[in-house]
Amino acid sequence: METSTPKIGKFSLNYGLILGGLGVVFALMLFMSDAHVSQSPVNSIISVVMSIAVIFWGILNFRKANQGLLSVGQGVKLGAGIALVSGIISVIWLLLLTNVLDPDFKSKSIEVSLAAAAEQGTLSAEQLQQQKEMSMQYWEAFAYPSILIGSILIGLVIGLVGGLIFKKAAPDY
């Protein structure tokens with residue numbers, strides 16, 4: 001009796017929606033507490049832990065649906081797919097945030113990142129202004145594609161690690 005392999009796309013969509021939803025809830029929590037422009041490493045750590053947990057969960061459930069079998073390639077595809085769906089949701093959230101909820105978000109986040117340079121005194125006021133203008137131009141042109149590409153790359157790495165950890169080949173007999 002032949003059984004069909006579960007669809008990687010279906011698992012990627014389902015778990016990508018879960019990860020994207022968790023990301024939006026976390027971002028909404030940061031927005032409500034007015035911490036959405038903070039550059040705290042804790043926020044990044046929480047996001048990465050959520051990504052690892054959901055991608056591993058998706059890989060494990062795919063393996064379970066595939067009679068306990070998983071190749072490294074399937075793990076990588078799942079990681080990238082889940083991260084892609086989640087990244088698209090993140091970009092949609094960011095568009096909503098920057099255009100509706102907090103139109104000054106771009107300049108606020110750039111100012112927060114430039115504040116460290118200003119405190120060190122390494123840049124003059126004129127250089128800080130030039131850096132801010134260049135950052136605003138970068139944001140407009142590259143921020144959203146960078147989020148998607150970064151999300152996919154992180155998903156590839158997490159999927160590779162998950163695929164290596166959870167791989168199981170069919171017996172040879």
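**Helix packing, cores and aromatic pairs**

Helices α1 and α3 pack at an angle of about 35°, and their axes are 7 Å apart. Axes here are lines fitted to C-alpha atoms, for helices over the stretch in contact, and angles run from 0 to 180 degrees between N-to-C directions. Helices are DSSP runs (H or I, at least four residues), numbered from the N terminus. The crossing of α1 past α3 is right-handed, that is, the near helix is turned clockwise from the far one by less than a right angle. The contact of α1 with α3 comprises 17 nonpolar residues, six polar and one charged. Ala, Val, Leu, Ile, Met, Phe, Trp, Tyr, Cys and Pro count as nonpolar, Asp, Glu, Lys and Arg as charged, and the others, Gly among them, as polar.

The model is predicted: local features need pLDDT of at least 70, side-chain atom pairs count only at pLDDT 80 or more, and totals for chains, interfaces and linings use all residues. Residues are numbered from 1 along each chain as its sequence is written, and side-chain values use heavy atoms, with hydrogens and water left out.

The largest nonpolar core holds 17 residues. A nonpolar core is a set of buried Ala, Val, Leu, Ile, Met, Phe, Trp, Tyr and Cys residues joined through side-chain atoms within 4.5 Å. Buried means under 20% relative accessible area, exposed over 50%, and partly exposed in between (1.4 Å probe, protein chains only). Ile59, Phe62, Leu70 and Leu78 touch the most other members. At least two residues of this core come from each of α1 (8-32), α2 (41-65), α3 (72-101) and α5 (125-166). A second, separate core has 11 residues, including Phe31, Leu94, Phe105 and Tyr144.

Phe62 also makes contacts (heavy atoms within 4.5 Å) beyond its neighbours within four places in sequence. Among these partners are Thr5, Pro6, Phe11, Leu70 and Leu78.

Five aromatic pairs are found in the whole structure. Rings of Phe, Tyr and Trp (its six-membered ring) pair if their centres lie within 6.5 Å; planes under 30 degrees apart count as stacked, over 60 as edge-to-face and the rest as tilted. Phe56 and Phe166 form an edge-to-face pair, at 5.3 Å centre to centre and 90° between the planes. Phe56 lies in α2 and Phe166 in α5, 110 residues apart. Both Phe56 and Phe166 are buried. Ring pairs also link Phe11, Tyr15, Trp57 and Phe62 into a cluster.

Ser151 lies in α5. Ser151 counts as buried because its relative accessibility is 18%.
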